[in-house]
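Student: Hi! I have a protein model open and I'd like to walk through it with you. Can we start with how its charged side chains pair up?

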Amino acid sequence: MSSNNTQVHRPGPYKQTNKEHKHGRHRSKGSISIATKGKVSVKTVSMKSKRELNRDQRRHQSAQIRQKKRDETLAKKRLLGGLDFAPFLVSVVPLNKDFDPTSAISILTQCDDEAVVRRTSAGVTHICVPRFRKRFSLIVPASDNELDVLDSLKVSDAVVFLLSSINAAEYIEEIVDKWGNKLLMSCLAQGLPTPVVILTDLDSIAPKKRNDFKQNVQKIVNQWLPDEKLMVLDKNADAINILRKIGDQKRKSVLYRDRRPYLYGEEVEYVPDTRGPMGTLKVTGYLRGSVLSVNQLVHIPGLGDLQMLQIDILSDPNKVDKPRKKDFTLMDDKNYTIKVLEQCDPSKQESLDSENVLDPMDTEQTWPTNEDYEMAEKDQQLRKAKKVPKGWSDYQAAWIPDDDAEFQEDAFSDGDQDSDDELMDARSVESSCYSNGEDRDQDLESVTEESELAVNEDKYDQEINLNAEKDELNKIKEAKSDFMFPDEIDTPMDTTARERFLKYRGLESFRTSPWDPKENLPSNYARIFQFQNFQRSRKRVLKEEASKTGAMPGWYITIYVKNISQLMWSTVEKTKSPIVIIGLYPHEHKMSIMNVILKRTQNHGFPIKSKERLIFQCGFRRFVVNPIFSEHTNGQKHKAL
């Protein structure tokens with residue numbers, strides 16, 4: 001057989017290739033290709049099967065993702081406040097209660113000759129600036145109600161804080177008064193939109209002192225908003241610069257607001273029902289945030305969670321195709337068209353049931369009932385009487401076990417009579433000493449109480465409440481006593497210790513002892529809804545909200561909210577509070593337990609007791625509760641305060 005027909009072994013892709021000797025010479029690309037002869041490495045084959053990308057492909061993919069995000073951000077920024085989108089909603093808030101922002105609003109509306117200005121009956125000023133191709137909606141919340149200011153800031157895209165030089169002509173610290181400090185602290189706590197700080201009436205300061213005055217005001221502003229630069233508003237050019245900054249500056253994201261649909265009511269109309277005590281509220285305005293469906297629930301501050309009846313689309317009355325100089329007010333006749341977008345479907349509409357249906361046979365409740373208390377009292381009355389020494393109280397007798405009571409009585413009765421007399425004499429002397437000491441203590445306490453209460457009320461200022469100061473003084477004393485003796489609780493005199501400390505439980509170790517949070521719960525806890533896996537439910541709800549259909553953000557719509565009590569609406573109408581509508585997620589109306597962390601502020605130095613009536617604000621909601629305070633730790637158990 002010839003040598004040409006012999007079989008030659010061809011190594012496969014998994015052949016081991018040993019490292020060659022480093023002779024110092026570099027191979028060329030041609031020599032490398034000849035050596036490999038078309039063989040593909042195992043790493044390349046496995047990457048193709050797993051669809052993995054190499055370094056250049058990963059770099060190219062990252063560049064594409066980065067460019068896509070940049071384009072989305074620019075498109076969102078260009079649409080916000082554009083001619084075909086909802087205008088910028090700007091709240092104008094002075095930081096001094098005596099300052100009137102009307103002059104600042106007039107300068108902003110008259111800064112551009114080509115600007116189109118429109119004022120609504122609800123007090124909203126619409127400004128369309130052609131040179132910026134932007135639209136602005138200015139609102140001025142009432143300064144006499146802090147909650148109205150906070151409700152307006154919840155739905156605002158930007159907030160303009162006004163400072164007046166006239167209020168601080170003598171003392172620079174008075175440029176932000178006590179009301180302004182409290183308002184700033186509340187705004188920062190609930191989530192502040194994009195801020196702009198403006199200083200007006202700078203002409204009232206001497207020209208040589210203006211620069212130093214601005215620097216001092218800037219230092220005060222930096223205490224609250226360290227990244228904001230102070231702007232001056234005295235001329236039309238200053239107003240144009242301010243509008244440019246509001247339209248072009250980077251938006252601050254408020255997470256709880258941007259994920260939900262919300263609307264500021266520019267036109268509000270209440271239609272009472274002729275057949276009952278309810279009515280329908282029609283609110284018109286620009287929808288912002290996300291998509292709003294007619295079958296979901298909405299929340300209105302002051303009115304609660306409600307259902308919608310219908311959503312209508314209206315042509316934008318503030319839209320100007322060819323902007324020109326024009327200044328007009330709201331007309332009585334509405335020339336814009338109306339189109340019904342959605343009507344509620346009772347089968348798909350979310351229910352207003354906030355509590356779970358209680359099933360007494362569902363689970364076993366270990367909390368004692370009234371019948372258990374009655375049986376325990378009967379058992380205590382039928383219990384065999386103990387034999388204890390004469391003169392002992394029921395409290396002292398409770399410490400003697402049933403087996404030792406009879407033995408102790410015999411021990412006392414068999415003793416010597418003389419020793420008994422000596423013991424009684426010693427007790428009488430001791431009791432007399434204690435009684436004298438107690439009398440002295442009572443005298444001292446009575447003197448101090450009289451000295452504290454002997455206050456001439458005529459000398460007090462009329463604005464100071466004497467009873468309120470006494471209550472605050474008692475709170476401070478109780479807080480000091482609790483700080484000195486944190487683990488001690490006084491036994492009440494009107495109730496028994498068995499009833500007072502019924503909810504307490506002894507633990508061998510507070511850190512390591514097991515604790516079941518669902519143990520000994522009252523039956524009313526069965527009315528509370530629970531999540532089996534909150535994170536999974538949250539992820540599913542957000543995914544469903546992304547694919548929801550309905551009214552889109554930027555549309556000018558009218559929302560019909562049904563079943564509003566006429567009595568409740570008359571109360572809200574008297575306060576003239578702004579009407580704000582916020583869309584709710586599924587299950588957000590259900591009742592549950594909430595654990596929050598409170599932080600003490602500098603302006604509140606008085607202690608707060610547990611179960612004291614407080615106003616809480618979480619996101620859009622505001623409610624009144626009596627909270628229970630406890631020590632915040634990283635463990636699973638918390639000590640009640």
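Tutor: Happy to! A salt bridge is a side-chain nitrogen of Lys or Arg within 4 Å of a carboxyl oxygen of Asp or Glu. Keep in mind that this is a predicted model, where local features need pLDDT of at least 70, side-chain atom pairs count only at pLDDT 80 or more, and totals for chains, interfaces and linings use all residues. Residues are numbered from 1 along each chain as its sequence is written, and side-chain values use heavy atoms, with hydrogens and water left out.

Student: Got it. How many salt bridges does the structure hold?

Tutor: There are 13 salt bridges. One of them joins the side chains of E146 and K182, at 3.7 Å from N to O. E146 sits in helix α5 (residues 146-154) and K182 in helix α6 (residues 178-190), so this pair ties together parts that are 36 residues apart in sequence.

Student: What counts as a helix or a strand here?

Tutor: Both are DSSP runs numbered from the N terminus: helices are H or I with at least four residues, and strands are E with at least two.

Student: Which residue forms a salt bridge with E269?

Tutor: That is K282, and the closest N and O atoms are 3.4 Å apart. E269 belongs to strand β9 (residues 267-272) and K282 to strand β10 (residues 278-288), so the pair ties together parts that are 13 residues apart in sequence. E269 is partly exposed at 40%, and K282 is partly exposed at 23%.

Student: Where do R540 and E544 lie?

Tutor: Both are in helix α16, four residues apart, about one turn of the helix. R540 is partly exposed at 40% relative accessible area, and E544 is partly exposed at 42%.

Student: Why does a spacing of four matter?

Tutor: An α-helix has 3.6 residues a turn, so residues three or four places apart point the same way.

Student: Nice. Which residues are buried in α16?

Tutor: S537, V541 and E545 are buried in α16. They cover an arc of only 70 degrees around the axis, which puts them on the same side of α16. That arc is the one made by the directions from the helix axis to the C-beta atoms. The face turned away from the buried side carries the exposed residues Q535, R536, K539, K543 and A546.

Student: How many residues does α16 have?

Tutor: Helix α16 (residues 534-546) has 13 residues, and from first C-alpha to last it reaches 18 Å, close to the 18 Å expected at 1.5 Å a residue. The expected span is 1.5 Å times one less than the number of residues.

Student: What about α4, which residues are buried there?

Tutor: In helix α4 (residues 102-109), the buried residues are A104, I105, L108 and T109. Seen down the axis of α4, they fall within an arc of 135 degrees, so they line one face of the helix.

Student: Let's switch to α3. How many residues does that one have?

Tutor: Helix α3 (residues 55-79) has 25 residues and reaches 36 Å from its first C-alpha to its last, close to the 36 Å expected at 1.5 Å a residue. Just after α3, G81 takes a positive phi of about 80 degrees.

Student: Which residues have a positive phi although they are not glycines?

Tutor: K576 has a positive phi of about 55 degrees, and H587 has one of about 70 degrees. For background, most residues other than glycine have a negative phi, and most peptide bonds are trans.

Student: Where are those two?

Tutor: K576 is in the loop between α17 (566-575) and β17 (580-583), and at 71% relative accessibility K576 counts as exposed. H587 lies in the loop between β17 and β18, and H587 is partly exposed at 37%.

Student: Last one: how far apart are G619 and L255?

Tutor: They are 364 residues apart in sequence and 9.6 Å apart in space, C-alpha to C-alpha. G619 is in the loop between β18 (614-618) and β19 (621-625), and G619 is partly exposed at 27%.

Notes: Buried < 20%, exposed > 50% of the residue type's maximum accessible area, 1.4 Å probe, protein only.
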